[in-house]
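Me: I'm new to this one and would like to go through it slowly. Could you put it up first?

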Amino acid sequence: MNIEDKIKEKYPYLLSDQVARIGCGKGWHKIVLEVCEKIKYYGAKIEQIKEKFGSLRIYVDHHNCSRILLKSVDGRKDGVKVDPNVPGAEVLIQFHDNARKPSICCYLPESDKFVDIHGKEIEVIDPEFVKGRLAQLTGLVDAEPRTEETLSEVIAWAEKEADITCEGCGTKENVTRGGDWIKVLCDKCRSKKRWYDEDED
Ligand SMILES: [Zn+2]
């Protein structure tokens, strides 16, 4: 099974649809899989993973939670002003959730529910993160914003790890950075020159 299918099978929400392939040698696949494991609950989408100038690059899109418009849905209204003329009107915050599709979702702070634009209850991947983000954006939600530093830390860790790991075979022995194309490779892989196109195990 190739790395892309492996990730899709184990973490169905993690790869963005635009990721056709993981653009690095198989020596780094273990690092990539570890990144997936570490960030699986963050509600993030991996936009791109590739090798560039001998470094591992991972681009991640986080929940893009933003209030998008004021609109009444099924008797509920977005924002601070709830129309007192709508019976049972409840505060509703609309937002984009990139981790889902991306799609427009709504959160009802009073009943602590996520609903789609038709008012049907839905599940979001990382509700606590979304609530924290919406709390920051609106002040209407009672939740602690979660720091996103951890996500950048995971990516920074992966990039550092790749710097000392052979992109061809994954060893950390006799690894150097250099060559005609700048690559992080061990002596063996550097000398055999066929490291990049080798098939998956
Ligand atoms: Zn190697």
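Me: What share of the 201 residues of the chain count as buried?

Reply: Of the 201 residues, 30% count as buried, where buried stands for 20 or more other C-beta atoms within 10 Å of a residue's own, exposed for 12 or fewer, and partly exposed for anything in between, with C-beta atoms placed from the backbone. Please keep in mind that this is a predicted model, in which local features need pLDDT of at least 70 and side-chain atom pairs count only at pLDDT 80 or more, while totals for chains, interfaces and linings use all residues. Residues are numbered from 1 along each chain as its sequence is written.

Me: OK, and how many helices and strands does the chain have?

Reply: The chain has five helices and nine strands, and along the sequence they follow the pattern α-α-β-β-β-β-β-β-β-α-α-β-β-α. Both kinds are DSSP runs numbered from the N terminus, with helices being H or I of at least four residues and strands being E of at least two.

Me: Which residues touch the most other members of the largest nonpolar core?

Reply: In that core of 37 residues, they are Ile-31, Val-35, Leu-56, Ile-58 and Ala-158, and a nonpolar core here is a set of buried Ala, Val, Leu, Ile, Met, Phe, Trp, Tyr and Cys residues joined through C-beta atoms within 7 Å. At least two residues of this core come from each of α2 (29-39), β1 (45-52), β2 (55-61), β5, β6, α3, α4 (149-163) and β9 (183-186). The core also draws at least three residues from each of domain 1 (3-62 + 148-164) and domain 2 (72-138), the domain bounds coming from an automatic or database domain assignment.

Me: And what does Ala-158 touch, leaving out residues up to four places away in sequence?

Reply: Ala-158 touches Ile-31, Val-35, Leu-56 and Ile-58, where contact is taken as C-beta atoms, placed from the backbone, within 7 Å.

Me: What about Ala-156, is it buried or exposed?

Reply: Ala-156, which lies in helix α4, is exposed because it has 12 other C-beta atoms within 10 Å.

Me: Switching to α2, which of its residues are buried?

Reply: The buried residues of α2 are His-29, Ile-31, Val-32, Val-35 and Ile-39. Seen down the axis of α2, these buried residues fall within an arc of 160°, so they line one face of the helix; the arc is that of the directions from the helix axis to the C-beta atoms.

Me: Then α3, which strands do its buried residues pack against?

Reply: They pack against β5 (91-97) and β6 (103-108), and the buried residues of α3 are Phe-129, Val-130, Lys-131, Gly-132, Arg-133 and Leu-134. The helix itself, residues 127-138, has twelve residues and reaches 16 Å from its first C-alpha to its last, close to the 16 Å expected at 1.5 Å a residue, the expected span being 1.5 Å times one less than the number of residues. After α3 comes Gly-139, with a positive phi near 70°.

Me: Why is β5 largely enclosed by the rest of the structure?

Reply: Five of the seven residues of β5 are buried, so the strand is largely enclosed by the rest of the structure. β5 pairs with β6 in the antiparallel sense over five bridges, where two strands pair if DSSP finds at least two bridges between them. Within this pairing, Phe-95 has Cys-105 in β6 as its bridge partner.

Me: And how many bridges join β8 to β9?

Reply: Four bridges join strand β8 (residues 175-178) to β9, and the two run antiparallel, with Thr-176 standing opposite Leu-185 in β9. Their hairpin has four residues between the strands, and in this hairpin Gly-179 takes a positive phi near 95°.

Me: Where is Phe-53, which has a positive phi although it's not a glycine?

Reply: Phe-53, with a phi of about 50°, is in the loop between β1 and β2, and it counts as exposed because it has 9 other C-beta atoms within 10 Å. Asp-112 also has a positive phi, of about 55°, although it is not a glycine. Asp-112 is placed in the loop between β6 and β7 (113-115).

Key:
Two residues are in contact if their C-beta atoms, placed from the backbone, lie within 7 Å.
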